[in-house]
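Have the viewer open and try each task before reading on.

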Amino acid sequence: MYRVSYKNFPLEALFLSFFFLLRNPSLLAFNIIQNSVKKTVESAQNIQYTTPSAAVSKQGSTIFQKLEAQWQTYLKQGTPDIALADAEQMINLLPHSAVGFIRKSEAYLMYGYKKQALSTYDNGLRSVTNTFDIQQLLLAREQIIMEIHNAKRIDFLACLPMEIVNEIVSQLSKTSKATCLSVSKTWRERTIESPDAWKYISIDNTTVVNIRIASILGHVAPRVRYFTLKNVHDSVHQKYLQNIRPGRFKKIQSLEIAVCSTENLNFFKSTLSDGLWRMNKTLKNLDVNVGTNGSEVTLANLLFISDALTNLRYQTFGGCLSNAIGDFCIVPEDHPLVSLDISNCNVRGPDIEVIIRKCRKIRQLMMDQCEVSVLEPISSLATNLEVLVLNHRDSIPTVPDYGTDYNDNSNNKVQSVTNKKSTITSTGLKVLVSNSSFHYFSVSDLLPIIYKNKATLQSIFANVHGDLSPSQTQQFDIIFPKFKLENVTSIVINLPPRLQPFLLRSLSNSTSSLANLGALNVIHINPLIHFLSKILDQQKQQQSFLQALKLYNTDIHSNITTKRNLIRLFKQYAKVSENGNSLRHVDIQYCHGMMDDILLALGEIKTLKTIVFTSLFDITSQGMYGFIKKLSRHQEVISISLGELNCVDDYLIASLGAIESLTELQLERLRNVTGEGIRYLIDRKGSKLKTLILKDCFSVSQELICYAKEKLETFQSD
């Protein structure tokens, strides 16, 4: 191996260093050199960039620095082959400078080519001989560091069995896996060969990490099962699409993809069509966002190509679905599609009829912009339908279990909750959701479909508009005979005056299964109070009680009798809670007349777990203190949400510390909360608070926000 001349070194250091280097090239030898020539090394570090400038023209120096900047960028991006080329150009430009040789060696080391790196150092030492002694020192120093490092280095990833490597790499984040690709050739190969590390690939922005993964996608594509590609630059988008076309994704089950721009629409169409055709045997879940290009990438074409697809979410913006539905004559009869989610376009009756006639196995149908005309074909043709979501995009937390996990799509807005009491075996609608994000359905629109599926419905969320007409009220029992919802476990619905008695009567037979009841926009609450009191007596015998109660925009203070009845009802629940089974979740929002005495009666229920209060302007600070004091005796509450309450201030927030079981707190639009109470709550000895969510609390200081982020496991703020 070629060695440098150390003519400028102290004589003692020369003899000692050569002695140790010849006998044992260890860290001690290097330390002697380093300590003896510390000032010289410092000068070497400073001259790395000044020497090229002195040796060549200003223009050449600029080119050299540009090449070095490029080298560093490519090395960070995980493309050492390009970095090697840049280092070679640096050597050609300044053959007597150590910098180019050092950079070339570092690029070789990233590949794992240690011999080539050492050879590069030797070549560099020969090249810089009799030119700049400082350049010799630089190369010698880097060479010794590398030798010492390699002598002590143990590459655990190269030594471990592949099964253990796979287990390690599969636990890493996407960023960490991308970093592993750039460590060395061995790490790159073993990372790529880890089968479980590449089951899930999600590319949702244009970063160095995603560009690096794109470079190896062709190698890992056969292992990918869930692939997401959206919100990336055209160039990155095309790199990934190019790997879809050749059919490399041989095990893929789920694909989420979006059109990047209209400039490359033809390329996107052809690539997606070809790719879907090759994925046909394994692809079950598809989420495609075609933007405003629905007429180019139609629903019919997707179903025709993917004739084994079971779950599809189709997003197109602007206009009606009729412009994006395509020619359904090409779709095979009895397509296996089970779940369909159509987003961001207006859906009409004729559109949905065409779809259902070809896809009769549909069990879940979701549309966030649909008209009333869709109800007739759904009711008459969708005989296997179990979940129907109309004009609603939020998750539905109280949906019963179907006994079959047919939906693996992560974008599904319906979350299943096991219902052990359900013994329904007949076909029919089990979940109905209707909200007002696009169009209100009236009571008259939804009642027929509710009545038709009265024996199977388990969960209803219906924010309906209007009320029964006087003639419908008189003929209700004739139009809807034996209207009984016997298996409902969860219902949240508007209760207009004329509909209320009929709906409550229909629920009287579901007392054994009813666990969640929400009443929206109630004008007369007394009938609801009497109903709850009646079913409570029945549920006592069955030992099956209402678990959640929601009151929204309800008039409580119509008269003194109403208040007394509500207080009596809460005291009944409090008495039942002595046995450990009663109301657990209470959500009261925008209710007029919610007074302190009602609040105190509610606080006596010992089983309460979660509490939501919003815009209850009749409650005072004294009432809230009394309520918190009662809750602190039970130590059961784990989550509290307070919004738009004038009585809530820092002192009241601090008093929540008495509830030692509290783990989650959400505060929204509280103008009297500055953050001091929150700080006390966080710092209180024995506090179990883990999650804090702040929304529109403008008086809370930035200092408190930073403090909460540091102390709590989860913190969210707008």
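**Exercise 1: a salt bridge**

Glu386 and Lys430 are both buried (under 20% relative accessible area with a 1.4 Å probe on protein chains only; exposed is over 50%, partly exposed in between). This is a predicted model, where local features need pLDDT of at least 70 and side-chain atom pairs 80 or more, while totals for chains, interfaces and linings use all residues. Numbering starts from 1 along each chain as its sequence is written, and side-chain values use heavy atoms, leaving out hydrogens and water.

Task: find how far apart the closest N and O atoms of Glu386 and Lys430 are.

Solution. Step one: recall that a salt bridge puts a side-chain nitrogen of Lys or Arg within 4 Å of a carboxyl oxygen of Asp or Glu. Step two: the closest N and O atoms of Glu386 and Lys430 are 3.8 Å apart, and the pair forms a salt bridge.

**Exercise 2: another pair**

Task: work out whether Asp287 and Arg313 are buried or exposed.

Solution. Start with the contact: Asp287 and Arg313 form a salt bridge, with closest N and O atoms 3.6 Å apart. Then check accessibility: both Asp287 and Arg313 are buried.

**Exercise 3: two helices**

Task: describe how the axes of helix 27 and helix 28 cross (helices are DSSP runs of H or I, at least four residues, numbered from the N terminus).

Solution. First, the axes of helix 27 (residues 596-603) and helix 28 (residues 621-634) come within 9 Å and cross at roughly 5°; axes are lines fitted to C-alpha atoms over the stretch in contact, with angles from 0 to 180 degrees between N-to-C directions. Next, helix 27 and helix 28 are therefore roughly parallel (under 35 degrees; over 145 is roughly antiparallel, 65 to 115 roughly perpendicular, the rest oblique).
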